[in-house]
Amino acid sequence: GGGVRGGGCVDCHLTQVSFPQVVLVVLSLALCGMRMGEAAKGNGQNHDEHHAVLFSAYRPSADNVVANESIIFNEVILNREEGYNAMTGIFTSPQNGIYSLSYSALLAGGAVVQVVLVKAGTAWCALHGDLPNGTSMLSERTTLLRLVKGEQVWLELQQGVVLGARGPARMYFQGYRISD
């Protein structure tokens with residue numbers, strides 16, 4: 001665990017931030033500032049108790065995305081509470097709560113494409129595209145899910161093809177716990 005230096009939380013300062021992660025960074029810093037203020041008032045919380053569950057990962061290319069298997073987002077930007085596993089692509093809830101989960105994919109035209117968020121083995125919601133041949137579309141989705149500690153969520157390509165990164169258009173998977 002880090003510590004407090006210069007009135008800020010050392011663990012909350014990030015070295016690189018891309019557009020899809022801005023919301024998570026702002027939320028992290030806001031929570032850090034709020035909780036540090038509470039600790040300064042003597043409520044007994046220490047630095048390690050105040051961090052919320054946050055994760056953000058992306059996939060720099062769509063190479064080797066296999067249908068009906070978890071999509072692995074191997075570039076991890078943020079993984080507070082270590083809920084996201086970059087080897088499997090699975091987020092395991094470290095705490096009970098309601099989570100906001102977001103994901104994106106660059107859908108290829110010419111066939112029906114479906115990228116599904118799976119919760120505990122059941123398809124929960126999906127990105128769906130049926131675009132003309134030779135076209136593509138960056139799609140994203142956010143959903144709220146109640147997860148119990150140990151419950152798992154991941155993404156699967158169920159149908160079609162997703163494309164590799166094109167500039168800032170890339171696949172990402174991120175989430176944060178918003179309440180108990």
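Which residues form one aromatic cluster? The cluster consists of Phe55, Phe73, Tyr84, Phe91, Tyr99 and Phe173. The points below set out its context.

1. Basis of the note. This is a predicted model, in which local features need pLDDT of at least 70 and side-chain atom pairs count only at pLDDT 80 or more, while totals for chains, interfaces and linings use all residues. Residues are numbered from 1 along each chain as its sequence is written, and side-chain values use heavy atoms, with hydrogens and water left out.

2. Overall architecture. Helices (H or I, at least four residues) and strands (E, at least two) are DSSP runs, numbered from the N terminus.

3. Among contacts (heavy atoms within 4.5 Å) with a separation of 6 or more, 68% link residues 24 or more positions apart.

4. Five strands form an open sheet in the order 5-6-11-8-9, with antiparallel pairing; two strands pair if DSSP finds at least two bridges between them. Its edges are strand 5 (84-85) and strand 9 (122-130), each of which pairs on one side only. Within the sheet, strand 8 (residues 112-119) and strand 11 (residues 152-159) run antiparallel and are joined by six bridges. Gln114 has Gln159 of strand 11 as its bridge partner.

5. Aromatic pairs. The whole structure holds six aromatic pairs, defined by ring centres of Phe, Tyr and Trp (its six-membered ring) within 6.5 Å; planes under 30 degrees apart count as stacked, over 60 as edge-to-face and the rest as tilted. Phe55 and Tyr84 are stacked, at 5.7 Å centre to centre and 5° between the planes. Because Phe55 lies in strand 3 (residues 54-59) and Tyr84 in strand 5, this pair ties together parts 29 residues apart in sequence. Phe55 is buried at 1% relative accessible area, and Tyr84 is buried at 5%.

6. A tilted pair. Phe73 and Phe173 lie 5.8 Å centre to centre with 45° between the planes, a tilted arrangement. Phe73 belongs to the loop between strand 3 and strand 4 (75-80) and Phe173 to strand 12 (residues 171-179), so the pair ties together parts 100 residues apart in sequence. Both Phe73 and Phe173 are buried.

7. Charges over rings. The charged end of Arg170 sits over the ring of Tyr58, 3.9 Å from its centre, and that of Lys119 sits over the ring of Trp124 at 4.9 Å. The criterion is NZ of Lys or CZ of Arg within 6 Å of the ring centre and within 35 degrees of the ring normal.

Conventions: Buried means under 20% relative accessible area, exposed over 50%, partly exposed in between (1.4 Å probe, protein chains only).
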